[in-house]
Amino acid sequence: MMVISMLNCSSGVFNAAAADEDTEDTETVYHTINFLDFDGEIMTTLTLEEGEEIDYTQIDTEVLHYQLDKFSEIRFDSWDITPATADDDYNIQALSQVGSIIHVSFPEVTEYITNEGSIDLSGLSVTITLTTELPEYDSDGNRVTNVETVDVTDICYAVPETLSDAFGDGTTAQISVFPLPSMIEICSYTITYLKDLGDVVQDGVIDAVDASMILSAYAKTSVGSETGLTDEQENNADVDRNGAVDAIDASLVLNYYARHAIGANPTWTEILNK
């Protein structure tokens, strides 16, 4: 009986040990999942059971979208790794995309011979450069990035948009350019209305006297002398806007005068585009 009792006791010990082993085998394992911002600082920590699915929608990535400066902003693009389940402890870092809007060139047209129509933005160039971080590192240990440039000139608009609004109070105006849908001015420049083009005498009319003054000025410059005109008169005399006062300008003035004399009411746009 004693032997049986001892066997029974031994059996109890063995059973208890087996029970402990079963308890250890079924003990819940947890993993720590740290989500890091662009600088490697912890923004959110999840504690998940072994094998539990990682829910990336719990992470508020909108907090990673903000302005860096007037023309640049940064936003969340992706995570450097995306394990599906919690099978280990992880540090998962946010990768950024930086967008910078860049003014490359101004519009070519800054002088207008009319105060009707729209502001001409020909020659304007505006781009957005997108720099996106990738999960890889280069040989020097730096994060690899992908750089893409997008031309957004076509979505830019001028304020004011029309010449009548721009020159409503005078002959010069400041034009601001904005890229849709942003309300941040990307550039500004000055335009001029050549209201008195051809009126060299500055008497309010364009006639043969103006053409004569242009020819006289041209003759003087042909022999190395000054034109004898003021800066404003020279500006009015350079009808074709090539930077020189010459016989072509005189011819254009006479053409304008002749057409006006027969009641054709010409415009400089018509004369110069012929």
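Two strands count as paired if DSSP finds at least two bridges between them. With that in mind, let's look at this predicted model, starting from strand E11, which covers residues 187-193. Strand E6 (residues 111-112) runs parallel to E11 and is joined to it by two bridges. Here Tyr-112 stands opposite Tyr-193. Strand E10 (residues 172-179) pairs with E11 in the antiparallel sense, over six bridges. In this pairing, Ser-176 stands opposite Ser-188.

Which residues of E11 lie on its covered face? They are Cys-187, Tyr-189, Ile-191 and Tyr-193, while Ser-188, Thr-190 and Thr-192 make up the uncovered face. In a regular strand, side chains alternate between the two faces of the sheet.

The largest nonpolar core holds 20 residues, and Ile-119, Val-177 and Ile-191 have the most contacts inside it. Strand E9 (156-159), helix H2 (163-166), E10 and E11 each give two or more residues to this core. E11 gives the most, with four residues. In soluble globular proteins, nonpolar side chains tend to be buried together.

Leaving aside neighbours within four places in sequence, its contacts include Leu-121, Leu-124, Cys-156, Tyr-157 and Ile-184.

## Asn-236, a buried polar residue

Asn-236 sits in helix H4 (residues 231-237). Is this residue buried or exposed? Asn-236 counts as buried because its relative accessibility is 5%, and the cut-off for buried is under 20%.

The side chain of Asn-236 reaches the backbone oxygen of Asp-199 at 3.2 Å. Not counting residues up to four places away in sequence, Asn-236 touches Asp-196, Leu-197, Gly-198, Asp-199, Val-200 and Gln-202.

## An aromatic cluster

The model has eight aromatic pairs. One of them joins Phe-35 and Tyr-56: the ring centres are 5.8 Å apart and the planes stand at 90°, so the pair is edge-to-face. This pair links distant parts of the chain, with Phe-35 in strand E1 (residues 30-36) and Tyr-56 in the loop between strand E2 (42-49) and strand E3 (66-69), 21 residues apart.

The two partners can be set side by side by accessibility. Phe-35 is buried, at a relative accessible area of 0%, whereas Tyr-56 is partly exposed, at 21%. Together with Phe-76 and Trp-79, Phe-35 and Tyr-56 form one aromatic cluster.

Methods. Residues numbered from 1 in each chain as written. Predicted model: local features only at pLDDT ≥ 70, side-chain atom pairs only at ≥ 80, totals over all residues. Heavy atoms only, no water. Buried < 20%, exposed > 50% of the residue type's maximum accessible area, 1.4 Å probe, protein only. Polar contact = N/O pair within 3.5 Å; in protein donor to acceptor, adjacent residues only side chain to side chain. Contact = heavy atoms within 4.5 Å. Core = buried A, V, L, I, M, F, W, Y, C linked by side-chain atoms within 4.5 Å. Phe/Tyr/Trp six-rings, centres within 6.5 Å; stacked < 30°, edge-to-face > 60°.
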